[in-house]
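Please open the model in your viewer and keep the sequence at hand. The stops below are given in the order in which they may be selected.

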Amino acid sequence: MCIRDMAFDISHISGSNVTASCIVFSDKGPEKKEYRSMNIKTDKNDDYLALAEAISRRISSLKKRSLPFPSLFLIDGGKGQLSMAMSALRELGLDYINIIGLAKRLEEVFIPGNPEAQIINKNSPGLILLKRVRDEAHRFAISFQKLKRKKTMTESPYSSIKGVGKITLNKLLIEYDGTEDIARQTPKSIAEKIGLSEKVSGEIIAMALSLSNTT
């Protein structure tokens, strides 16, 4: 198989359930057998480090399987994301591979060595293709992130508390940055933000404190 382009995207909710996606396009179109999703292990509040980890792990996988490297890396993001991705490639000795960033807001293209965004005609076939690849990477990342989030809610220790169901677990994931953040709250603050009684909120905090002390 001839791998042509690889696109990466990072997905999370307030720093939790951080995932990365890597999709592959060749001259035949999407190579879905080569799509990969990853659970990110590095700092969960740093998209740049998450991106670097995803690139490093995917390159390692290609090396192990003796597959060719892509001719182009497409990064979902602007200058910051592009810079981190370039650093990851340099550390791997692969900085000769073409790489660009595509920022969503104005569909600006960023290329190495040029601090200014490249504005391409929105009707350009090249930009349309780049957007298609970028959007597919984003879709794939979101799909995996949702599956992980669903599993997290199902397995959450908070679900053992009477009055805490899927909707409440979902709100906790969105509003708070993990167990330690919940443990710092007051019953009143959680009750007001999540829409629970202070009794149930207190039990959630007690559970969070218990979990914090065992990790």
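Select helix 1 and helix 2 (residues 79–91): helix 1 passes helix 2 in a right-handed crossing, meaning that the near helix is turned clockwise from the far one by less than a right angle. Helices (H or I, at least four residues) and strands (E, at least two) are DSSP runs numbered from the N terminus. The two helices pack at about 40 degrees with axes 9 Å apart; axes are lines fitted to C-alpha atoms over the stretch in contact, and angles run from 0 to 180 degrees between N-to-C directions.

Next, display the side chains in contact (heavy atoms within 4.5 Å). Helix 1 contributes Tyr-48, Leu-49, Leu-51, Ala-52, Ile-55 and Ser-56, and helix 2 contributes Gly-80, Gln-81, Met-84, Ala-85, Ala-88 and Leu-89. These comprise 9 nonpolar, 3 polar and no charged residues (Ala, Val, Leu, Ile, Met, Phe, Trp, Tyr, Cys and Pro count as nonpolar, Asp, Glu, Lys and Arg as charged, the others, Gly among them, as polar).

The model is predicted: local features need pLDDT of at least 70 and side-chain atom pairs 80 or more, whereas totals for chains, interfaces and linings use all residues. Residues are numbered from 1 along each chain as its sequence is written, and side-chain values use heavy atoms, without hydrogens and water.

Move to Ser-66, in the loop between helix 1 (47–64) and strand 5 (72–76). Its phi is near 55 degrees, positive in a residue other than glycine. Ser-66 is exposed, at 66% relative accessible area (exposed is over 50%, buried under 20%, partly exposed in between; 1.4 Å probe, protein chains only).

Finally, select Glu-107, in the loop between strand 6 (98–103) and strand 7 (108–110). Glu-107 also has a positive phi, of about 55 degrees, although it is not a glycine. Is Glu-107 buried or exposed? At 14% relative accessibility, Glu-107 counts as buried.
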